[in-house]
Amino acid sequence: MTRQKITTLIHHPYRAPPGFGSPATPIHKASTIFFPSCAALNSRYEKQKTGYIYGLHGTPTSFVLEERLATLEGGLHTLLLPSGLAAITLVNMALLKTGDEVLIPANAYGPSIELARHQLSQWGITHRLYNPLNAAEVTTLMGPNTKLIWLEAAGSVTLEFPDLVALVNLAKERNVITVLDNTWGAGIAFNAFNLTPTEPAPVLGVDITIQALTKYPSGGGDVLMGSVTTRDEALHQRLNACHMRMGWGVGAGDLEAVLRALPTIELRYEAQDRSARVLAQWWTQQPQAKHVLHPALPSSPGHAHWQRISPGHAACLFSVVFDEKFSVAQVHAFVDALQLFKIGLSWAGPISLAVPFNLSALRGSNPWGGCGHLVRFAVGFEAIEDLMLDCEQALSAMALV
Ligand SMILES: *Cc1c(COP(=O)(O)O)cnc(C)c1O
């Protein structure tokens with residue numbers, strides 16, 4: 001059959017030869033995916049991850065990233081979402097229904113609490129905030145409707161490190177599912193699915209992790225993506241079914257960016273960890289700082305828990321609580337005067353960032369919340385001497401206000 005030129009062009013026979021190899025994962029883009037036959041089309045939903053259905057449900061490229069992230073976190077299955085917050089949403093939507101209750105640490109990622117306050121409560125799902133440093137209190141908060149406990153180590157902004165082992169044990173005793181927001185640890189600091197690797201069996205781990213791939217796995221400050229990882233087959237099927245129904249997908253360009261950055265994640269994590277510790281230590285010697293919050297500092301809340309789970313590793317973050325004698329205007333003047341540290345959300349990218357927070361507004365009347373003005377620093381890849389000089393000159397600017 002002789003075909004018209006346009007038909008031949010669209011159905012062109014050339015295919016990339018087998019045996020071609022390069023360091024990069026091939027980038028497959030698709031909404032439509034061809035089925036070889038009507039029978040294959042009709043059996044499409046039996047395939048799960050062993051075959052391709054539609055771009056939204058995975059391509060060879062997204063499957064590669066899922067597999068690598070599962071390996072990174074010590075899990076078996078990973079699902080990808082368009083942001084870290086969407087990953088949090090998926091877990092809540094897949095596992096909670098009207099009448100259920102979810103426990104969330106009071107120092108959780110802010111939008112996760114907002115999601116519970118507004119959307120979950122609208123669907124008749126209640127939540128309680130717990131003190132991340134008081135595992136015993138969680139026992140009193142757990143009721144018959146408690147179906148899920150969120151964990152975060154270290155917590156957002158104030159970086160308290162919870163007793164993960166105690167919390168996971170408590171949840172297991174009552175058959176409550178645990179989910180760790182593992183963005184801080186990134187799968188590098190500790191294995192969330194085996195929290196006590198040096199102790200004899202049985203293995204103790206969380207049931208699910210989520211990660212904002214936006215942070216370490218992307219590492220560029222230019223991609224939004226999230227992941228949900230589990231070791232449990234039945235739990236994965238519940239999450240996957242909800243994922244397929246919700247219409248959440250990720251773009252091939254973003255997959256490419258994360259796949260390109262992933263091989264250097266440990267090097268980047270460790271380099272930023274070293275710089276953050278040096279800078280946090282430097283801040284402990286500045287008279288303007290009342291507290292420096294970094295899990296590796298013995299004075300930081302939950303330091304002993306950090307030491308048990310993650311002694312070798314900490315993320316690029318630390319926070320400085322300024323002495324009360326400095327006004328909010330002075331703290332803002334300090335942040336505004338920083339030149340290398342940019343004012344911006346997110347972290348783990350190449351450029352250092354600083355964000356001021358009002359602790360009383362952030363933590364409300366919770367007794368563990370503290371008060372005063374805090375600056376959260378995220379250390380990038382700049383030379384540490386330059387970052388120190390930048391803080392020093394900005395402190396001088398603050399004195400002038
Ligand atoms: C940034 C962050 C998220 C959300 O990630 P996005 O991709 O920005 O939605 C969730 N949890 C933690 C701890 C984070 O730091």
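The model described here is predicted.

**Around the ligand**

- The ligand is surrounded by 14 residues, and the closest of these are Gly84, Leu85, Asp181, Thr214 and Lys215.
- Aspartate 181 places a polar side-chain atom 2.6 Å from a nitrogen atom of the ligand, while an N or O atom in the side chain of lysine 215 is 2.5 Å from an oxygen atom of the ligand.

**Helices α12 and α14**

- Helix α12, which covers residues 328–337, and helix α14, which covers residues 384–399, have axes that come within 8 Å and cross at roughly 140°, and the two helices are therefore oblique to each other.
- The crossing of α12 and α14 is right-handed, and the contact is made by Gln330, Val331, Phe334 and Ala337 on the α12 side, together with Asp390, Cys391, Gln393, Ala394, Leu395, Ala397 and Met398 on the α14 side.
- Sorted by class, the residues in this contact of α12 with α14 are 8 nonpolar, 2 polar and 1 charged.

**Helices α3 and α9**

- Helix α3 (residues 60–73) packs with helix α9 (residues 252–261) at an angle of about 40°, and their axes are 10 Å apart; α3 and α9 are therefore oblique to each other.
- The crossing in which α3 passes α9 is left-handed, and it brings together Thr61, Ser62, Val64, Leu65 and Arg68 of α3 with Leu255, Val258 and Leu259 of α9.
- The contact of α3 with α9 consists, by class, of 5 nonpolar, 2 polar and 1 charged residues.

**Helices α4 and α8**

- Helix α4 spans residues 84–95 and helix α8 spans residues 233–246, and their axes come within 9 Å and cross at roughly 110°.
- Angles of 65 to 115 degrees count as roughly perpendicular, and α4 and α8 are therefore roughly perpendicular to each other.
- On α4 the contact is made by Leu90, Val91, Met93, Ala94 and Leu95, and on α8 by Leu235, Arg238, Leu239, Cys242, His243 and Met246; these residues divide into 9 nonpolar, 1 polar and 1 charged.

**Backbone details in loops**

- The peptide bond that runs from alanine 153 to alanine 154 is cis, with omega near -10°, and alanine 154 lies in the loop between β4 (146–152) and α7 (164–173).
- Valine 157 is also placed in the loop between β4 and α7, and its phi is near 70°, which is a positive value in a residue other than glycine.
- Alanine 201 and proline 202 are joined by a cis peptide bond with omega of about 5°, and proline 202 is found in the loop between β5 (177–181) and β6 (208–212).

Note on methods:
Residues are numbered from 1 along each chain as its sequence is written. This is a predicted model: local features need pLDDT of at least 70, side-chain atom pairs count only at pLDDT 80 or more; totals for chains, interfaces and linings use all residues. Side-chain values use heavy atoms; hydrogens and water are left out. Axes are lines fitted to C-alpha atoms, for helices over the stretch in contact, and angles run from 0 to 180 degrees between N-to-C directions. Helices (H or I, at least four residues) and strands (E, at least two) are DSSP runs, numbered from the N terminus. Angles under 35 degrees count as roughly parallel, over 145 as roughly antiparallel, 65 to 115 as roughly perpendicular and the rest as oblique. A crossing is left-handed if the near helix is turned anticlockwise from the far one by less than a right angle, and right-handed if clockwise. Contact means heavy atoms within 4.5 Å. Ala, Val, Leu, Ile, Met, Phe, Trp, Tyr, Cys and Pro count as nonpolar, Asp, Glu, Lys and Arg as charged, and the others, Gly among them, as polar. A residue is near a molecule or strand if one of its heavy atoms lies within 4 Å of it. A polar contact is a pair of N or O atoms within 3.5 Å; within protein, one must be able to donate a hydrogen and the other to accept it, and residues adjacent in sequence count only if both atoms are side-chain atoms.
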